[in-house]
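Q: Please show me how to read the features of a protein model one at a time. I would like the general idea, followed by the case at hand.

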Amino acid sequence: MELKDSILGSHNTMTYLRPSNWWLWLGHKIVAQCQNKSVEAQFAQGVRCFDLRVYYDKKFGKFFFSHGMIRYDKKYDIHSVIKTINALAHKCKSKVYIRLILEHCPNDYYSIKFVSLCKYLVSRKYKYIEFIGGNRKGDWKKLYDFANNIHDWDISQFVSSMAQDARW
């Protein structure tokens, strides 16, 4: 299946969460927060493509959410959010796309963990979820190809904060 039509998506979907440390709050508010509504609220307003930016936390052995240097509340990991999105999609019988990006990758260990995550998610065979992305932020190298005929060049994001005049 190819993505031929425009669908509503949210950029950095999980940035509505609280930063994991109070001292990150100012940076979060100034440069990192792209969303202020929960996944459920975004879905209710028509979002069908969720941009999930993750990092691997060795201490917890899980993927959590981040945007740049800002790490978010560990109450939500990648699996709990995908479970929520899957339940919403299943209830509405609506196709949903999840763009998965490795936000923080200091060395190859994290790339390997990310590839394992991608393979695991694909093996789950979600009925209403199609995974896209599989890139590493920074150099945008494709670490995992979800092999679904949706290519990076098919994805256009119109994000006002990325406009020339949006930042100082």
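A: One term comes before the rest: a nonpolar core is a set of buried Ala, Val, Leu, Ile, Met, Phe, Trp, Tyr and Cys residues joined through side-chain atoms within 4.5 Å. Buried here means under 20% relative accessible area. Keep in mind that this is a predicted model.

Q: Which residues have the most contacts inside the largest nonpolar core?
A: In soluble globular proteins, nonpolar side chains tend to be buried together. Here the largest nonpolar core has 38 residues, and L52, F65, I78, I82, L100 and F114 have the most contacts inside it. Two or more residues of this core come from each of α2 (39–44), β2, β3, α3, β5 (96–102), α4 and β6.

Q: What does F114 touch, apart from residues up to four places away in sequence?
A: Leaving out those neighbours, F114 is in contact with V54, F63, L100, I101, L102, G134, N135 and L143. L100 is itself listed with F114 among the residues with the most contacts inside the core.

Q: How many helices and strands does the protein chain have, and in what order do the elements run?
A: The chain has four helices and six strands. Read from the N terminus, the order is β-α-α-β-β-β-α-β-α-β.

Q: What share of the protein chain counts as buried?
A: Of its 168 residues, 43% count as buried. Sequence separation gives another view of the chain: among contacts between residues at least 6 apart, 66% join residues at least 24 apart.

Q: Is Y56 buried or exposed?
A: The cut-off for buried is under 20% relative accessible area. Y56 has 10%, so Y56 is buried. This residue lies in strand β2 (residues 49–57). Residues up to four places away in sequence aside, Y56 touches G61, K62, F63, Y109, Y110 and K113. The C-alpha atom of Y56 is 8.4 Å from that of C105, a residue 49 places away along the chain.

Q: Is K75 buried or exposed?
A: A residue counts as exposed at over 50% relative accessible area. K75 is exposed because its relative accessibility is 58%. K75 sits in the loop between β4 (70–71) and α3 (78–92). K75 and S20 are 55 residues apart along the chain, and 9.4 Å separates their C-alpha atoms.

Q: Which side chains make polar contacts with the side chain of N12?
A: The side chain of N12 has a polar contact of 2.9 Å with that of H11, and another of 3.4 Å with the side chain of H67. N12 is placed in the loop between β1 (9–10) and α1 (25–32). With a relative accessibility of 2%, N12 counts as buried. Beyond four places in sequence, N12 is in contact with C34, Q35, D51, R53, S66 and H67.

Q: How many cavities of 30 Å³ or more does a search of the whole structure find?
A: A cavity is a space where the probe fits but cannot get out. The search finds one of 30 Å³ or more. The largest cavity has a volume of about 40 Å³, and its lining is made up of N12, T13, M14, T15, D51, R53, F65, S66 and Y72. By class, the lining has three nonpolar, four polar and two charged residues. β2 and β3 (62–67) each give at least two residues to the lining.

Q: What lines the second largest pocket?
A: A pocket, in contrast to a cavity, is an open set of points. The second largest pocket, with a volume of about 160 Å³, is lined by K95, L121, V122, K125, Y126, K127, I129, E130, F131, F146, A147 and N148. α4 (108–123) and β6 (129–136) are the elements that give two or more residues to this lining. β6 supplies the largest share, three residues. The lining divides into seven nonpolar, one polar and four charged residues.

Q: What is the phi of K93, and what is that of A147?
A: Most residues other than glycine have a negative phi. K93, which is not a glycine, has a positive phi of about 55°. K93 lies in the loop between α3 and β5 and is exposed, with a relative accessible area of 54%. A147, also not a glycine, has a positive phi of about 50°. A147 is in the segment after β6 and is exposed at 65%. A147 is also one of the residues lining the second largest pocket.

Conventions: Residues numbered from 1 in each chain as written. Predicted model: local features only at pLDDT ≥ 70, side-chain atom pairs only at ≥ 80, totals over all residues. Heavy atoms only, no water. Buried < 20%, exposed > 50% of the residue type's maximum accessible area, 1.4 Å probe, protein only. Polar contact = N/O pair within 3.5 Å; in protein donor to acceptor, adjacent residues only side chain to side chain. Contact = heavy atoms within 4.5 Å. 1 Å grid on protein atoms, 1.4 Å probe; cavity = no way out; pocket = protein on both sides within 12 Å on 5 of 7 lines; lining within 4 Å. Points joined across faces, edges and corners; volume = space filled by probe spheres on them. Nonpolar A, V, L, I, M, F, W, Y, C, P; charged D, E, K, R; others polar.
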